[in-house]
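Reader: Hi! Could you walk me through this model, piece by piece?
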Amino acid sequence: MSIEILKTEDYSKCSNIWNMKKQSKLAEKFLGELKSGNRITYIYKNKDEFIGEISLVKEMEDSDYTIPDQRIYVSRLIVKKECRRKGIGKKLVDFISVKAKELGYSEMSIGVDLDNYPALKLYIDSGFDKVIFIGEDEQEKYVILLKTI
């Protein structure tokens, strides 16, 4: 098992983790961000199989999420359904924290739905210990958490 940076040409392999056809607009947006360099995605792999992914997004045009050269946004932590509850999410969050610090950031933000208790616990246990925003969008009530790195 390894964690590797996602190459743009391998992006379609993420369909092993999440339904890219069903979420085609999101998939197109993420691909555009990858190509522009605004999104850096890392893949948790077992041999050649994509098991999980997590991204860093440099610019969101919202200071709750990103501040140039200070705060970076952690996006799209997802683990293949049958591989959940095995510590892969924790490994990806720990890994991305190191990568964000290496890129020169001192803070990371993450958004999570308030009813996603496993994710909330993971993020709080991983040091996302400050609430910077609570809101609601068309899907759910959510919170933006902050971690100093």
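Author: Happy to; here are a few notes on it, starting with the ground rules. This is a predicted model, in which local features need pLDDT of at least 70 and side-chain atom pairs count only at pLDDT 80 or more, while totals for chains, interfaces and linings use all residues. Residues are numbered from 1 along each chain as its sequence is written, and side-chain values use heavy atoms, with hydrogens and water left out.

Reader: Thanks! Let's begin with helix 3: which of its residues are buried?
Author: In helix 3, residues 117-125, the buried ones are A119, L120, L122 and Y123. Buried is under 20% relative accessible area, exposed is over 50%, and partly exposed is in between, with a 1.4 Å probe and protein chains only. Helices here are DSSP runs of H or I with at least four residues, strands are runs of E with at least two, and both are numbered from the N terminus.

Reader: Why do they line one face of the helix?
Author: Looking down the axis of helix 3, the buried residues fall within an arc of 165°, so they line one face. That arc is taken from the directions from the helix axis to the C-beta atoms. As background, an α-helix has 3.6 residues a turn, so residues three or four places apart point the same way.

Reader: And what is exposed on the other side of helix 3?
Author: Y117, K121 and D125 are exposed there.

Reader: What do the buried residues of helix 3 pack against?
Author: They pack against strand 4 (71-79), helix 2 (88-102), strand 5 (107-113) and strand 7 (141-148). Contact here means heavy atoms within 4.5 Å.

Reader: Switching topics: how much space lies in the largest pocket?
Author: About 1400 Å³. Pockets are found on a 1 Å grid over the protein atoms alone: a pocket is an open set of points with protein on both sides within 12 Å along at least five of seven lines, and lining residues have an atom within 4 Å of a point. Grid points are joined across faces, edges and corners, and the volume is the space filled by probe spheres set on the points.

Reader: Which residues lie nearest the centre of that largest pocket?
Author: Of the 39 residues in its lining, L77, G111, V112, N116 and Y123 lie nearest the centre. The elements giving two or more residues to the lining are helix 1 (24-36), strand 4, helix 2, strand 5 and helix 3. Strand 4 gives the most, with seven residues. Y123 turns up again here, as one of the buried residues of helix 3.

Reader: How does the lining of the largest pocket divide by residue type?
Author: The lining has 19 nonpolar, seven polar and 13 charged residues. Nonpolar covers Ala, Val, Leu, Ile, Met, Phe, Trp, Tyr, Cys and Pro, charged covers Asp, Glu, Lys and Arg, and the others, Gly among them, are polar.

Reader: Back to strand 4, then. Is S75 buried or exposed?
Author: S75, which is found in strand 4, counts as buried because its relative accessibility is 6%. Setting aside residues up to four places away in sequence, S75 touches F30, R39, I54, S55 and V57. Strand 4 also holds R76, a residue other than glycine with a positive phi, near 60°.

Reader: What about T66, buried or exposed?
Author: T66 is in the loop between strand 3 (49-57) and strand 4 and is buried, with a relative accessible area of 4%. A polar atom of the T66 side chain lies 2.9 Å from the backbone nitrogen of M60. Beyond its neighbours within four places in sequence, T66 is in contact with residues including V57, K58, R71 and Y73.

Reader: Where does E61 lie?
Author: E61 lies in the loop between strand 3 and strand 4. At 75% relative accessibility, E61 counts as exposed, and its phi is positive, near 60°. In general, most residues other than glycine have a negative phi.

Reader: Last one: what does K91 touch?
Author: K91 is found in helix 2 and touches I3 and Y44, not counting residues up to four places away in sequence. At 45% relative accessibility, K91 counts as partly exposed.

Technical notes:
On a 1 Å grid over the protein atoms alone, a cavity is a set of points where a 1.4 Å probe fits but cannot get out, and a pocket is an open set with protein on both sides within 12 Å along at least five of seven lines; lining residues have an atom within 4 Å of a point. A polar contact is a pair of N or O atoms within 3.5 Å; within protein, one must be able to donate a hydrogen and the other to accept it, and residues adjacent in sequence count only if both atoms are side-chain atoms.
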